[in-house]
Amino acid sequence: MNRKWLERLSPLVLLVLIVLLWELICRAFNVSEFIFPSPSAIWTKLLEFHSVIAQHAWRTFWVTMVGFAISIVVGVLLGFLIGSSRLAYTAIYPLMTAFNALPKAAFIPILVVWFGIGVGPAVLTAFLISFFPITVNIATGLATLEPELEDVLRVLGAKRWDVLTKVGLPRSMPYFWGSLKVAITLAFVGTTVSEMTAANEGIGYLLISAGSSMQMGLAFAGLLVVGAMAMAMYELFSFVEKHTTAWAHRGSQNH
Amino acid sequence: MSASVTESAAYPAGPIGAIEPTLRADQLFIDFRDVWLAYNDELLAKEQFAVEAIDLKVRQGEFIAIVGPSGCGKSTFMKLATGLRRPSRGQVIIDGREVTGPLKISGMAFQAPSLLPWRTTLDNVLLPLEIVEPYRSQFRQKRAEYAERARMLLRQVGLGGYEDKFPWQLSGGMQQRASICRALIHEPKMLLLDEPFGALDAFTREELWCTLRDLWEAQRFNVILVTHDLRESVFLADTVYVMSKSPGRFVVRREIDLPRPRDLEITYTPEFTAVVHELRGHIGAMRKEGAEVAQ
């Protein structure tokens, strides 16, 4: 029982320890707030600028969600296509891998030319950076069907579509939820990076303007907020994953 | 040799239909006419066949078993019988019709139970009814009726009370029982079993032999059982075929006329042992030949 609680609380304990150490170092060496603000200084700034931060955070949040929604739709459809057809797999996969290797930040200047400063580039950067893991996971879930199971159904006259909907899709659900957890954090990265150069609002913009006016406390507060939002979304998908695809996690639950 | 055991015949090369007992057309259920299969055109051009010169006549309701070394084309034979593959040469006629695609009158079970982990045992058994007509179009309206049928089938194989458990909550033997129920729920005319008991321990295996025997005695569907286990084949089947390795062809046909219904006790009688021993002899001879060729 004790051990279980320790395990559950361990991330919090670690966090508190790090914050304490950080605070201690800042105070002990009297580090300037313009170089490396202490947690307490960041907290003060967070409270002081809470309405400004909230406004930018909300912008970053919904922009990320829009980009993420697009990447779910595109990612699932593309993954479905790749996973269900060998031809599509062979044709698309290498190109997609090459595309994924490109740094998405490099697209931002181009997106600015096409869509102007603001929401457009941020949404698209969030999308571009986060659809890949979703696609790969759906495709893998569909492509790794046991041949015996497929035979069992095909003998009954099942069409390709039947096999995909009765077996392929439910089977790839755990992969899907797993990929969302990765994708959402990437989407926040995409939005923030894009806002840093191509927006007048959002946490990314806040970071840049705080940095240029030497408001290090505020910049760190912004970082903290992005981290917290990504973390919260991660936990949300983690929760949904556990409650919709329990059959895939039985090992860890039984012990 | 005991009176209850007929002579087995070693087939000469080539078509072997002449040795089979003559059957009236309406008694015939499975009819393979000089069937050859190469997996692709390249292999066909090189005359490398996975199975060749298969001539097989099976009565309505007959239980046949196919034994042979691994990799001898048993699974290929199953694919031909279900219509998952079409022969390169020859004809497969099942239930009076030439097979040109998946038959929909057969059910299959494999060594791996391959149940869907997100469905309960009951829903797993119901799966074929969601796919095969005429059940498919009535599935929504008649779900309760079908569920009752599935429950009855599960009770028959000793899985009463486990309907709402998930497959991963069942033991290996129970999963295999559920898998056989899934193969039978749409009342197929033909049941194909590919080493279904291969992964089970000896006691569970014998229990499941009896389960299968009882299901077959009650419904008399056709069974094609592919197995490594000679005792299993002799205990369950009416006729045992021995298949040779690459090229896969039937080399021995052995009718088993041990009296039915058969009890597990029969496996300890000298008649039973004699048949098993005889089949073992054929397989041993084949393995030896294979070894010589390899050298």
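B:Ile30 finds its bridge partner in B:Ile94 of β5(B). The model here is predicted, with local features needing pLDDT of at least 70, side-chain atom pairs counting only at pLDDT 80 or more, and totals for chains, interfaces and linings using all residues. Residues are numbered from 1 along each chain as its sequence is written, while chains are lettered from A and ligands numbered from 1 in the order in which they are written.

Let us stay with chain B. Strands β2 and β5 of chain B pair in the antiparallel sense over 5 bridges; pairing requires at least two DSSP bridges between two strands. Both strands belong to an open sheet of 4 strands, ordered β3-β2-β5-β6 (chain B), with antiparallel pairing. At its edges, β3 and β6 of chain B each pair on one side only. Helix α2 of chain B lies across β2, β3 and β5 of chain B, at about 125 degrees to β2(B). Such angles run from 0 to 180 degrees between N-to-C directions, with axes fitted to C-alpha atoms, for helices over the stretch in contact.

| Element | Residues |
|---|---|
| β2(B) | 28-37 |
| β3(B) | 51-59 |
| β5(B) | 89-94 |
| β6(B) | 97-98 |

Chain B as a whole has 9 helices and 11 strands, taken as DSSP runs (helices H or I, at least four residues; strands E, at least two) and numbered from the N terminus.

Now for the partner chain: 17 residues of chain A are in contact with 19 residues of chain B, contact meaning C-beta atoms, placed from the backbone, within 7 Å. On the side of chain A that touches chain B, α7 (147-154) and α8 (160-198) of chain A each supply at least two residues, and α7(A) gives the most, with 6 residues.

Note on methods: Contact = placed C-beta atoms within 7 Å.
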